[in-house]
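Thank you all for coming; I would like to take a few minutes to go through one structure with you.

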Amino acid sequence: MIVLKTKRELALMREACRISAGALKAAGEAVEPGVTTYEIDRIAYNYIKKCGAEPNFLNLYGFPATACISINNEVIHGIPSKKRVLKAGDIVSIDLGAKIDGFNGDNAATFAVGDISPEAKRLCDTTRESLYEGIKAAVAGGRIGDIGAAVSSYCEARGYGVVRQFVGHGVGAKLHEDPSVPNFGTPGRGVRLLPGMTIAIEPMINQGTERVETLADGWTVVTLDGKLSAHFEHTIAITADGPQILTVL
């Protein structure tokens, strides 16, 4: 069931999303060679708690951390660890969110660890831009398929694989709500976009094949061919005046 948010509920979501954005910024600023993914996770946790919110990923479906931190060929759901040390040339995707006053925020970005290769930078830049292409398509009266088509056409025209096994989603009182928001689709098809809908658009884009697999830990999703993957995400609101990004400071 899709829940349309009232003006008051949108205001509450803005605060949850603002905290989520701040936590992602703090985590991203800690990305540098020699830092462990555990240290980054603690920075995110402490930021969210300092704001009076709760890290909404922690213990969700049994996930053991505040943030999903995924390195290089890891697409999503990487588990932070004291043993995972970032190295110059890595790219690291951080996905996290916060809950406060009954509502959730959710966002993600991929960060460079020191100097990265031109190919890695191009992947990250393309994935980030595809997110904004998807957001531009998220207009009231349109369809979910418009968003996915905008993302996939942008990335596939540049030779990248668009992950299909994992998708974006509605966000609200629950972190994961209806509707599903795929990064592929057919324009004019799917759920109609209505004012009051709040959704997470999150392209997961691979340097090679779109095919992925989950490792034995039950969480970490990696590219099937071992090539790089990038991930960017914003929570947005559908409004009569166009899409509004909620996960901003």
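Is the crossing of H1 and H2 left-handed or right-handed? Keeping in mind that what you see is a predicted model, the answer is that H1 and H2 cross in a right-handed sense. Helix H1 covers residues 7-29 and helix H2 covers residues 37-50, and the two pack at an angle of about 150°, their axes being 9 Å apart. The two helices are therefore roughly antiparallel to each other. On the H1 side the contact is made by Ile 19, Gly 22, Ala 23, Ala 26 and Ala 27, and these meet Ile 40, Ile 43, Ala 44, Tyr 47 and Ile 48 of H2. By class, the residues of this contact are nine nonpolar and one polar, with no charged residue.

The largest pocket holds about 300 Å³ of space, and of the 18 residues that line it, Phe 57, Cys 68, His 77, Asp 95 and His 176 are the closest to its centre. Its lining divides into 11 nonpolar, four polar and three charged residues.

The second largest pocket has a volume of about 230 Å³. It is lined by 17 residues, of which Leu 24, Ala 108, Ala 109, His 234 and Thr 247 lie closest to the centre. Here we come back to H1, which, together with strand E7 (107-112) and helix H3 (118-136), gives two or more residues to this lining. The largest share, five residues, comes from E7, and the lining as a whole has 10 nonpolar, four polar and three charged residues.

Key:
Residues are numbered from 1 along each chain as its sequence is written. This is a predicted model: local features need pLDDT of at least 70, side-chain atom pairs count only at pLDDT 80 or more; totals for chains, interfaces and linings use all residues. Side-chain values use heavy atoms; hydrogens and water are left out. Axes are lines fitted to C-alpha atoms, for helices over the stretch in contact, and angles run from 0 to 180 degrees between N-to-C directions. Helices (H or I, at least four residues) and strands (E, at least two) are DSSP runs, numbered from the N terminus. Angles under 35 degrees count as roughly parallel, over 145 as roughly antiparallel, 65 to 115 as roughly perpendicular and the rest as oblique. A crossing is left-handed if the near helix is turned anticlockwise from the far one by less than a right angle, and right-handed if clockwise. Contact means heavy atoms within 4.5 Å. Ala, Val, Leu, Ile, Met, Phe, Trp, Tyr, Cys and Pro count as nonpolar, Asp, Glu, Lys and Arg as charged, and the others, Gly among them, as polar. On a 1 Å grid over the protein atoms alone, a cavity is a set of points where a 1.4 Å probe fits but cannot get out, and a pocket is an open set with protein on both sides within 12 Å along at least five of seven lines; lining residues have an atom within 4 Å of a point. Grid points are joined across faces, edges and corners, and a volume is the space filled by probe spheres set on the points.
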